[in-house]
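Please look at the sequence and structure shown here before reading on.

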Amino acid sequence: MFTGIVEEVGEIVDVTPQADAARLRIRGPLVVSDARPGDSIAVNGVCLTVVDPAPDSFAVDVMGETLRRSSLADAAAGTPVNLERALAAGARLGGHIVQGHVDGTATVAGIEASEHWTAVRFSTPRAADGGVGIARYIVEKGSIAVDGVSLTVTEVDDDGFAVGLIPTTLAETTLGSREVGATVNLEVDVVAKYVERLLGAGSLQRSERTESGA
């Protein structure tokens, strides 16, 4: 589990394509300083397993499902990435509960900078357009992870949502260098997905009871 508080901006140094997969080597001196094989590190919000730690970098294997669901499909040497180690027991939960299970991607649709903060709007694909229907899980003032960064939704509509970024977030994560048209990873609040699942199961059970005359 993660919190969406980025510890350092690392860099992809090598990409080795494999059959329906890829191995990435990522430079991140801070997050790898105490890493062991099998540890989890979030890379742009994607929970990945360390397989070959070195003094200032680590390797991870990315399976096809992850490549299809996230922006890591476009990973290349030199790409900056947000990095966060898994939450330690007893540590402060500074952001919100982030699993590192990316639900899909969004596109930066607009950036509006003001004196003390920057508003960024993202467009989300609709289920009818080949998306996974992410928008239904996003609510105003709710939490969302964008490239692994815990953020609060300030606006939401059928086409996407907006967030506000303070100078610290702009300076210490990759979001400060994102331009209009860039692809970002999204992870919605897991509670919303569980509620939907439970409510759907309840509706199905009521329907079955009605049909059986119970």
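In the second largest pocket, β10 contributes the most to the lining, with four residues. This is a predicted model, in which local features need pLDDT of at least 70 and side-chain atom pairs count only at pLDDT 80 or more, while totals for chains, interfaces and linings use all residues. Residues are numbered from 1 along each chain as its sequence is written, and side-chain values use heavy atoms, with hydrogens and water left out.

**Second largest pocket**
- About 270 Å³ of space lies in this pocket; a pocket is an open set of points on a 1 Å grid over the protein atoms alone, where a 1.4 Å probe fits, with protein on both sides within 12 Å along at least five of seven lines.
- Its lining has 14 residues, and Ile5, Val149, Ser150, Ile166 and Thr169 lie nearest the centre; lining residues have an atom within 4 Å of a point.
- The elements giving two or more residues to this lining are β10 (149–157) and α2 (167–172); helices (H or I, at least four residues) and strands (E, at least two) are DSSP runs, numbered from the N terminus.

**Largest pocket**
- The largest pocket holds about 310 Å³ of space.
- Among its 16 lining residues, Glu7, Arg85, Ala86, Leu87 and Ala88 are the closest to its centre.

**Strand β2 and its partners**
- Strand β2 (residues 21–27) is joined by seven bridges to β1 (residues 8–18), and the two run antiparallel; strands pair if DSSP finds at least two bridges between them.
- Threonine 16 has arginine 23 in β2 as its bridge partner.
- Seven bridges also join β2 to β5 (residues 57–63), again antiparallel, and alanine 59 in β5 is the bridge partner of arginine 25.

Notes: Buried < 20%, exposed > 50% of the residue type's maximum accessible area, 1.4 Å probe, protein only. Points joined across faces, edges and corners; volume = space filled by probe spheres on them.
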